[in-house]
Amino acid sequence: RRQALTAYKDKPSATLDGHAITLLANVGNLSEISHVTDVGAQGIGLFRTEFLLMNAKALPDEQQQYKLYCDALHSLQGQVLSIRTFDIGADKEIPYLQQSPEDNPALGIRGIRYSLTHPDTFITQVKAVLRAANHGQIRLMFPMVSQIEELEGALALIERAKAQLIEQEKGFGELSLGIVVETPAAVLNLSSMLPLLDFVSIGTNDLTQYTLAADRTNPHLAKQYPALSPAVIQLISMTITLCKHAKVKVSLCGELGSDPQVLPLLVGLGLDEISINPTNLLEVKAVLVKGRYHDFVKHAQTVSALTRIDDIRTAISTINYI
Ligand code: PEP
Ligand code: MG
């Protein structure tokens with residue numbers, strides 16, 4: 001079956017009727033980048049950089065990170081590299097960083113909240129990314145941004161990082177800047193933030209957890225509180241509509257995008273770009289290239305009108321896209 005799937009690697013990433021979709025890959029470390037090219041991804045849509053911290057004994061300094069991001073760009077040979085700033089906190093604990101104990105870590109100092117309260121760690125990373133941007137196409141995105149104050153805070157730190165680089169006479173390049181939309185508040189507040197953004201990436205793992213108030217790590221909840229719930233589908237759809245209206249690029253990087261059965265819904269809702277686990281990418285692409293855009297749109301309309309999880313599951317698994 002693997003062998004059959006490799007046939008899709010070099011096929012254009014588009015529906016039968018020529019509607020092009022960019023398929024990117026999610027990675028957690030550099031060694032995974034070779035898989036990205038193996039499966040014909042068009043770049044990296046999510047580099048979870050906190051994995052660099054989890055696999056190290058101490059925080060990598062600016063030079064170490066710079067080298068690492070340059071190596072990643074080099075392997076990508078001109079394709080886009082989307083770096084997510086350290087998503088520290090909640091389920092991602094880094095032993096050597098001072099993280100004060102919290103009663104509810106998932107609702108605590110995580111993602112951008114950690115970065116804004118520990119600006120030195122953030123600025124070091126941003127300086128490394130800005131310098132690497134001299135050597136390739138980099139998108140930088142911030143996790144867990146829910147309101148404009150956090151975005152403004154992050155952008156102010158980016159300016160500080162640039163000022164330091166100028167003072168230190170280190171060259172740097174241009175970045176595209178974005179946020180991961182992964183809380184309901186981020187969707188509801190998106191209109192205020194879009195004018196400051198070059199792109200948005202929908203993180204369905206946390207968006208599901210925070211929308212349904214269901215711990216993503218609790219196995220007893222997974223079945224009854226899935227990403228394919230009417231509430232989450234509605235928030236995904238709202239995000240796409242708002243971004244398109246504001247002409248801001250919109251992508252999706254949560255696990256939902258790695259499920260081949262869900263591809264018709266996501267494309268039908270209007271997504272033009274999806275970031276997928278490398279091991280699932282060709283399976284997802286196989287569904288994309290066999291379907292027609294018009295059918296995907298009709299399917300998305302049908303699914304969006306459903307109000308029960310079981311009905312959504314049935315509709316998703318029975319779409320006839322061959
Ligand atoms: C998400 O929340 O959907 C996401 C892509 O990020 P992570 O799974 O790393 O939190
Ligand atoms: Mg997340």
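Modeller: The largest share of the shell around ligand 1 comes from α10, with 3 residues. This is a predicted model, in which local features need pLDDT of at least 70 and side-chain atom pairs count only at pLDDT 80 or more, while totals for chains, interfaces and linings use all residues. Residues are numbered from 1 along each chain as its sequence is written, and chains are lettered from A and ligands numbered from 1 in the order in which they are written.

The shell consists of Leu46, Arg48, Asp87, Glu182, Gly203, Thr204, Asn205, Asp206, Cys253 and Gly254; a residue is near a molecule if its C-beta atom, placed from the backbone, lies within 6 Å of it. At least two shell residues each are supplied by β2 (43-48) and α10 (204-212). Helices (H or I, at least four residues) and strands (E, at least two) are DSSP runs, numbered from the N terminus. By class, 2 shell residues are nonpolar, 4 polar and 4 charged. Here Ala, Val, Leu, Ile, Met, Phe, Trp, Tyr, Cys and Pro count as nonpolar, Asp, Glu, Lys and Arg as charged, and the others, Gly among them, as polar.

Now the backbone. Gln77, in the loop between α4 (62-76) and β3 (80-84), is not a glycine but has a positive phi of about 50°. Gln77 counts as exposed because it has 9 C-beta neighbours inside 10 Å; the cut-offs, with C-beta atoms placed from the backbone, are 12 or fewer others within 10 Å for exposed, 20 or more for buried, and partly exposed in between. Lys247, in the loop between α11 (230-245) and β7 (249-252), has a positive phi near 55°. Lys247 has 7 C-beta neighbours inside 10 Å and therefore counts as exposed.
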